[in-house]
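Good morning, and thank you for making time for this presentation. Please have the sequence and the model open while I go through a few selected places.

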Amino acid sequence: MKQVTQNFRLLGEQVLDIEKKAIDGLYQYLDDNFDAACQTLFNCKGRVIVTGMGKSGHIGGKIAATLASTGTPAFFVHPGEASHGDLGMVAAQDVVIAISNSGETAEVLNIIPVIKRLGVPLISMTGKPDSTLARLADTHVCIAVEQEACPLGLAPTASTTATLVMGDAFAVALLNARGFTADDFALSHPGGSLGKRLLLRLHDVMHTGDRVPLIPADAIISEALLEMSRKGLGMTAVVDDNQRLAGIFTDGDLRRILDNRVDVHKTPIADVMTRSCITANEDMLAAEALKLMQDRKINGLIITNDDGQPCGAMNMHDLLRAGVL
């Protein structure tokens with residue numbers, strides 16, 4: 001295998017230094033034009049259409065995705081395809097963000113007359129404030145950088161990073177202005193571990209009905225052990241005559257009483273159960289229940305209703321199966 005003599009680490013550091021400088025340079029462009037662009041996006045009654053060619057297009061796709069997932073409906077339209085029918089996706093209540101570092105990209109400029117004819121607000125993001133695209137836009141946000149990280153000054157590197165960061169600035173500014181919450185975020189991210197942490201509640205994962213381990217307060221320990229074996233949750237709830245939770249008996253309690261040589265065939269469960277037990281509500285987020293269990297060093301939870309009656313039960317294995325852990 002051929003060995004090269006280049007110092008890759010040094011070259012990588014040089015790229016990061018250039019791109020950090022490009023990001024630092026964006027502060028000067030958080031001006032009245034940025035405010036105006038955000039206001040236009042905030043007031044949009046339709047969709048935000050992002051367009052750009054080449055590397056700017058790839059960045060535009062990510063900006064559209066970030067906007068869409070943070071409360072601003074958006075999608076990406078390829079400018080080449082837009083000239084061949086996809087401009088039909090643009091409606092009068094939409095807003096267009098057009099991205100071009102040079103501001104002279106032919107494919108983008110070709111669709112501007114149609115956007116103007118529709119009366120759709122146009123926000124441009126370019127590195128050239130005096131470019132054609134910048135001049136044609138209703139609002140221009142500058143994304144100019146001093147140099148590209150590419151030593152040839154050809155491959156879009158620092159400029160695409162700056163564009164991406166400015167897009168994030170739009171998205172987060174709008175997120176805060178809309179009062180977008182974690183629950184709102186969860187609705188657009190139902191898949192994967194993130195969605196499970198934000199959406200799943202205990203009523204989605206808990207055992208209910210006959211699967212909830214329950215014994216009366218006048219039962220003996222051996223009856224509790226049989227119920228625990230049948231339900232397989234490592235615990236059982238103990239209820240009073242009104243079916244309200246009186247206590248809980250767990251595997252840990254069993255180990256402790258065996259150490260003390262308690263007669264499991266004669267001793268009432270009320271003598272050995274944990275009375276002040278930790279409970280949860282079925283509307284609690286599964287992620288919150290996980291934190292509660294970890295903080296209190298317990299492996300299971302009894303879920304009670306507003307009357308203090310057990311309506312569900314779950315343990316760590318249930319959270320693991322649900323993908324919360």
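I begin with a definition: a residue is called buried when its relative accessible area is under 20%, exposed when it is over 50%, and partly exposed in between, using a 1.4 Å probe and protein chains only. The model is predicted, and local features therefore need pLDDT of at least 70, side-chain atom pairs count only at pLDDT 80 or more, and totals for chains, interfaces and linings use all residues. Residues are numbered from 1 along each chain as its sequence is written, and side-chain values use heavy atoms, with hydrogens and water left out.

Let me turn to backbone angles. Most residues other than glycine have a negative phi. Gln243, however, has a positive phi, near 65 degrees. With a relative accessible area of 41%, Gln243 is partly exposed, and it sits in the loop between β7 (235-239) and β8. Helices (H or I, at least four residues) and strands (E, at least two) are DSSP runs, numbered from the N terminus. Arg261, also not a glycine, has a positive phi of about 55 degrees. Arg261 belongs to the loop between α13 and β9 (279-280) and is exposed, at 78% relative accessible area.

On a 1 Å grid over the protein atoms alone, a pocket is an open set of points with protein on both sides within 12 Å along at least five of seven lines, whereas a cavity is a set where a 1.4 Å probe fits but cannot get out; lining residues have an atom within 4 Å of a point. Grid points are joined across faces, edges and corners, and a volume is the space filled by probe spheres set on the points.

The largest pocket has a volume of about 510 Å³. Its lining comprises 21 residues, with Thr250, Gly252, Ile298, Asn299 and Gly300 nearest its centre. Two or more lining residues come from each of β8 (245-250), α13 (251-259) and α15 (316-322), and α13 supplies the largest share, 5 residues. By class, this lining has 7 nonpolar, 9 polar and 5 charged residues. Here Ala, Val, Leu, Ile, Met, Phe, Trp, Tyr, Cys and Pro count as nonpolar, Asp, Glu, Lys and Arg as charged, and the others, Gly among them, as polar.

How many cavities of 30 Å³ or more does a search of the whole structure find? There is 1. The largest cavity holds about 40 Å³ of space, and its lining has 7 nonpolar, 1 polar and no charged residues. Among the lining residues are Thr51, Val77 and Leu87.

Thr51 leads us to His78, which touches Thr51 and Met53, not counting residues up to four places away in sequence; contact means heavy atoms within 4.5 Å. His78 lies in the loop between β2 (74-76) and α4 (79-82) and is partly exposed at 33% relative accessibility. A polar atom of its side chain lies 2.9 Å from the backbone nitrogen of Gly80. The UniProt annotation "binding site", from an unreviewed entry, covers His78; such annotations may be inferred rather than shown by experiment, feature names are shortened, and positions are given in the numbering used here.

Finally, Ser131 is in the loop between β4 (122-126) and α7 (132-136). Is Ser131 buried or exposed? At 3% relative accessibility, Ser131 counts as buried.

Note on methods:
Polar contact = N/O pair within 3.5 Å; in protein donor to acceptor, adjacent residues only side chain to side chain.
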